[in-house]
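This briefing is written to be read alongside the sequence and the coordinates. Please keep both open while going through the points.

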2 protein chains.
Amino acid sequence: MEAVAARAGVSRATVSRVVNGGTGVRDAVRERVRRAVDELGYVPNSAARSLVTRRTGAVAVVIGEPETRVFSDPFFGRQLRGISRELSAADTQLLLLFVQHRDDHARIGRYLAAGHVDGALMFSLHDGDPLPAMAERCQLPTVYGGRPDWPGADRAPRPLFVDTDNRDGARQAVRHLLDRGRRRIAVITGPLDQTSALDRLDGYRDALGVADPDPRLIADGGFTAEGGERAMARLLAAAPDLDAVFVCSDLMASGALRTLRAQGRRVPGDVAVVGYDDLEPAAWADPPLTTVRQDVEEMGRLMARLLLRRLGAGPEAGEELAPVITAARLVVRESS
Amino acid sequence: MEAVAARAGVSRATVSRVVNGGTGVRDAVRERVRRAVDELGYVPNSAARSLVTRRTGAVAVVIGEPETRVFSDPFFGRQLRGISRELSAADTQLLLLFVQHRDDHARIGRYLAAGHVDGALMFSLHDGDPLPAMAERCQLPTVYGGRPDWPGADRAPRPLFVDTDNRDGARQAVRHLLDRGRRRIAVITGPLDQTSALDRLDGYRDALGVADPDPRLIADGGFTAEGGERAMARLLAAAPDLDAVFVCSDLMASGALRTLRAQGRRVPGDVAVVGYDDLEPAAWADPPLTTVRQDVEEMGRLMARLLLRRLGAGPEAGEELAPVITAARLVVRESS
């Protein structure tokens, strides 16, 4: 490589960049390097090239949840479908990592820092999660699912992420319930250490037009079916006169419907219900669920595409990258 | 390390083995090396050690199915739960890889061969799958889920695997139906390029006591709910007088029950149904499903433990390892 650099009259770094398909080299220089490579019969060693490019052809997908949650909520499978199709099309290997316990973070961080992957997609992170800081420290190109909200996330360069407009989606859901004449509207939230859950709660507040809604109308369902079941029971006990509930995921809504049925409340006659996601549990629910549709598979695709572009593997290498926020849209069915 | 080897009067390899906790070194020799290490103040460099041990602290779990199947059949989540708990307890990172298309095999093989993992667990492989040969070529310690049946799998050393006694499980299921007085017993199989599906079909033949059962009584449901639904419709069309069906997975049985209900056949009155797995779909089925229980989570744990022992990380390092075959047990419920 030194001989090639000398003959072309450029630095070793420039030769490396040309040989490895990097950007930022003028066409004339690129041509000169190519000629020198040909003349000297230089063949880049593939192990050495991988040391230089540090390319492994693999991307880690880190989900900040234990595998039991990942396998019980169709949200994750759908997001992964989008990611996996996009990575596959770019001949990039997907490695899926779960966060089983808080103690797993250090081990995951070590694996990511050790150069076994070219980049990472991280989603369903929780407040205080050390993974973003680890990714930043080892300069691992990373795209996040969901609005980042950790200390320093607003510093330049801002982390790349893909999200839906959760706040607007929640506003649409609660306005719809108000339009239907409901006046005691409860909310079952996700865990409030996640921005998606926080943003949906803010949307609920926006639509009601009050900064501090009646706390008896708010319960955390932890984004699980059982959590939704229990949260609904707490709400009915605290506010028996509620006439609607906005449930921040379809899975929790399926649990809430079980509780309403068990307590003899008719849906939507006594209590109108709106979910969030528009995944299988919404269509299978009895009655079918009014919900806020977010295109989860497309979000996965967008995350993967953003990372591939960040890695310079996509067609638009070198362009300016920015977070993507997709729209949410209310889908009205029988439950409201 | 050379100085340590010289002082202890052993080879560098022996020093390396002792320092890295390897086996096959006599106690006296081990003691001599330890003394030399102490006397010379030798501190093994951790990066160098990782070059020598080639330990990454990570294990690949390769499922021979696209992620859509993995996320729709609770079998996989349950198996992964067992694997993940065991690996986590050994502070070993789990990397999950799916096989989306046949073309993915080469890429997965490259990743595994490149030294990014210490070993692999592979399950739900299909006949002709090149992954076992790839693992063998790059000498990657591997444990399989399910009886191996590829060319050369019977050569020594036999591949390590964990399986349940599928053939016996199927025999129990069909004998139970015979005991209940059923005489036209159909079977819905999994894809016959998988040994679990083949073994269950053999058990069906065993119990009936015929080598070539009526082909109108056999249909492939591909181990999916929709496949079970369609297979049941084909069976009812080909053999309308059937009075029982042994369905080789609970998920397919849930589909078969849908078809029976749609065609007005009472279960078990007109048609008795037995599933396989004893996972959620069996308990949720209407009526609850008689099924063959295999402890899927435990199988996952056993696979992980076998691999950790193969890697010398477990407590029983150095012992002789053998495949494990767990028992299957009939669980009788309303559907039969």
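The model is predicted. In it, 29 residues of chain A are in contact with 30 residues of chain B, and the two chains bury about 2500 Å² between them, with 55% of that area on carbon and sulfur atoms.

**Interface between chains A and B**

- On the chain A side, the residues that lose the most area to chain B are Phe71(A), Gln93(A) and Arg107(A), which together account for 27% of what that side buries.
- Between chain A and chain B there are 6 salt bridges, including one between Arg107(A) and Asp91(B), whose closest N and O atoms are 3.0 Å apart.
- The two chains also have 15 residue pairs in polar contact, counted with both residues at pLDDT 80 or more.
- Helix H5 (67–72), helix H6 (74–89), strand S2 (93–98) and helix H7 (104–113) of chain A each supply at least two residues of the side that touches chain B, and the largest share, 6 residues, comes from S2(A).
- By residue type, the side of chain A that touches chain B divides into 12 nonpolar, 11 polar and 6 charged residues.

**Nonpolar core**

- The largest nonpolar core has 57 residues, and those with the most contacts inside it are Val61, Leu96 and Leu121 of chain A together with Val61, Leu96 and Leu121 of chain B.
- Leaving aside neighbours within four places in sequence, Leu96(B) is in contact with Leu94(A), Leu95(A), Leu96(A) and Phe98(A), as well as with Val61(B), Ile63(B) and Leu80(B).

**A buried aspartate**

- Asp118(A), in the loop between H7 and strand S3 (119–123) of chain A, counts as buried because its relative accessible area is 10%, under the 20% cut-off.
- A polar atom of the side chain of Asp118(A) lies 2.6 Å from the backbone nitrogen of Thr56(A), and a polar atom of that side chain lies 2.8 Å from the backbone nitrogen of Gly57(A).

**Backbone details**

- Most residues other than glycine have a negative phi, and most peptide bonds are trans.
- A cis peptide bond joins Asp286(A) and Pro287(A), with omega about 0°, and another cis peptide bond joins Val267(B) and Pro268(B), with omega about 5°.
- Asp91(A), in the loop between H6 and S2 of chain A, has a positive phi near 50° and is partly exposed at 44% relative accessibility.
- Gln139(B) has a positive phi of about 50° and, at 69% relative accessibility, is exposed; Gln139(B) is placed in the loop between helix H8 (131–137) and strand S4 (142–145) of chain B.

Notes: Residues are numbered from 1 along each chain as its sequence is written. Chains are lettered from A and ligands numbered from 1 in the order in which they are written. This is a predicted model: local features need pLDDT of at least 70, side-chain atom pairs count only at pLDDT 80 or more; totals for chains, interfaces and linings use all residues. Side-chain values use heavy atoms; hydrogens and water are left out. Contact means heavy atoms within 4.5 Å. Buried area is the accessible area (1.4 Å probe) that two parts lose on being put together, summed over both. A salt bridge is a side-chain nitrogen of Lys or Arg within 4 Å of a carboxyl oxygen of Asp or Glu. A polar contact is a pair of N or O atoms within 3.5 Å; within protein, one must be able to donate a hydrogen and the other to accept it, and residues adjacent in sequence count only if both atoms are side-chain atoms. Helices (H or I, at least four residues) and strands (E, at least two) are DSSP runs, numbered from the N terminus. Ala, Val, Leu, Ile, Met, Phe, Trp, Tyr, Cys and Pro count as nonpolar, Asp, Glu, Lys and Arg as charged, and the others, Gly among them, as polar. A nonpolar core is a set of buried Ala, Val, Leu, Ile, Met, Phe, Trp, Tyr and Cys residues joined through side-chain atoms within 4.5 Å. Buried means under 20% relative accessible area, exposed over 50%, partly exposed in between (1.4 Å probe, protein chains only).
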